[in-house]
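These are my notebook entries on one structure, written down in the order in which I looked things up.

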Amino acid sequence: MTETLATTAAEGYAFSHAQDTDTPALAALWERAGLTRPWNDPLADIALARRGPHSTILVARRDGALAGSVMVGHDGHRGWVYYLAVEPDLQGKGLGRALLTAAEDWLRARAVPKLMLLVRPDNEAVRGFYAAVGYLEEPRVVFSRRLDGK
Ligand SMILES: CC(C)(COP(=O)(O)OP(=O)(O)OC[C@H]1O[C@@H](n2cnc3c(N)ncnc32)[C@H](O)[C@@H]1OP(=O)(O)O)[C@@H](O)C(=O)NCCC(=O)NCCS
């Protein structure tokens with residue numbers, strides 16, 4: 001999909017779905033934003049999310065350059081957000097909020113009633129951001145199992 005998203009604007013930014021050509025810049029942005037982990041391959045994550053139809057990566061551009069991203073997907077009932085990232089020198093000016101709103105709009109358009117996301121408990125800064133933009137912290141224990149043998 002190449003259309004520009006008519007979603008909540010952040011002044012000076014254009015929102016759209018990530019394209020093939022965005023992959024290296026996306027992986028570099030996630031690295032700079034501290035979101036990559038040795039056990040996750042960002043290139044594989046980008047390819048999987050962009051495969052759709054129940055997931056996508058939304059990006060914000062300024063003068064054509066990648067400024068921020070959010071990965072969003074859903075299982076029908078719950079939507080999930082990952083890789084919300086704003087270029088470090090552009091943080092604190094409303095773009096993170098606007099990207100999150102773009103992800104909410106994408107889920108709302110698919111009648112998904114709830115958005116979930118995971119934050120590491122020691123990440124106080126990001127907890128502060130989500131609280132500031134109206135998210136509730138819910139006490140849950142998360143279970144997981146790797147299916148890829150890692
Ligand atoms: C988290 C992140 C996406 C936020 O984006 P941002 O553009 O800096 O945030 P915004 O400017 O949109 O902030 C929105 C609101 O949150 C508030 N906020 C941001 N960080 C905050 C913090 N640490 N504590 C309290 N409030 C905070 C802002 O003051 C603002 O409130 P206001 O609109 O009332 O002034 C960005 O900091 C980032 O990319 N961090 C690194 C990657 C990361 O950790 N992503 C989250 C993965 S779960």
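**Helix α3**

I began with helix α3, residues 95-108, and checked its length: at 1.5 Å a residue its 14 residues should span 20 Å, and the end C-alpha atoms are 20 Å apart, which agrees. I note here that the model is a predicted one.

Next I asked how far α3 is enclosed by the rest of the structure. I found 11 of its 14 residues buried, so the helix is largely enclosed. The buried residues are L95, G96, A98, L99, L100, T101, A102, A103, E104, W106 and L107. Looking for what covers them, I listed strands β1 (14-17), β2 (55-62), β3 (65-74), β4 (78-86) and β5 (114-116), together with helix α4 (124-132), as part of that cover.

**Annotated range**

I then turned to the record, where an unreviewed UniProt entry carries the annotation "domain: N-acetyltransferase" over residues 13-150. Over residues 13-150 I noted 31% helix and 25% strand, with the end C-alpha atoms 38 Å apart.

**Around the ligand**

Which residues come nearest to the ligand? Of the 19 residues around the ligand, these are L84, G92, G94, G96 and R97; G96 is also one of the buried residues of α3.

I went on to the polar backbone atoms facing the ligand. For V86, a backbone N or O atom lies 2.8 Å from a ligand oxygen atom, and for G94, a polar backbone atom is 2.7 Å from an oxygen atom of the ligand. Taken alone the ligand exposes 940 Å², of which the protein buries 67%. I also recorded that β4, α3 and α4 are the elements giving two or more residues to the shell around the ligand, and that α4 supplies the largest share, six residues.

**T36 in its loop**

I looked up T36 and placed it in the loop between α1 (23-32) and α2 (42-51). Is T36 buried or exposed? Its relative accessible area is 18%, and because the cut-off for buried is under 20%, T36 counts as buried. Its side chain makes a polar contact of 3.3 Å with the side chain of E31. Setting aside neighbours within four places in sequence, I found T36 in contact with W30, E31 and P42.

**Backbone geometry in the loops**

My last entries concern backbone angles, and I kept in mind that most residues other than glycine have a negative phi, and most peptide bonds are trans.

In the loop between α2 and β2 I came to P53, where the peptide bond from G52 to P53 is cis, with omega near 0°.

In the loop between β2 and β3 I came to D63, which is not a glycine and yet has a positive phi of about 50°. D63 counts as exposed, at 80% relative accessibility.

The loop between α3 and β5 holds A111, another residue other than glycine with a positive phi, in this case near 60°. At 64% relative accessibility, A111 also counts as exposed.

Terms used
Residues are numbered from 1 along each chain as its sequence is written. This is a predicted model: local features need pLDDT of at least 70, side-chain atom pairs count only at pLDDT 80 or more; totals for chains, interfaces and linings use all residues. Side-chain values use heavy atoms; hydrogens and water are left out. Helices (H or I, at least four residues) and strands (E, at least two) are DSSP runs, numbered from the N terminus. The expected span of a helix is 1.5 Å times one less than its number of residues. Buried means under 20% relative accessible area, exposed over 50%, partly exposed in between (1.4 Å probe, protein chains only). Contact means heavy atoms within 4.5 Å. UniProt positions are given in the numbering used here, feature names are shortened, and annotations may be inferred rather than shown by experiment. A residue is near a molecule or strand if one of its heavy atoms lies within 4 Å of it. A polar contact is a pair of N or O atoms within 3.5 Å; within protein, one must be able to donate a hydrogen and the other to accept it, and residues adjacent in sequence count only if both atoms are side-chain atoms. Accessible areas come from the Shrake-Rupley method with a 1.4 Å probe; for residues, only the protein chains shown count as cover.
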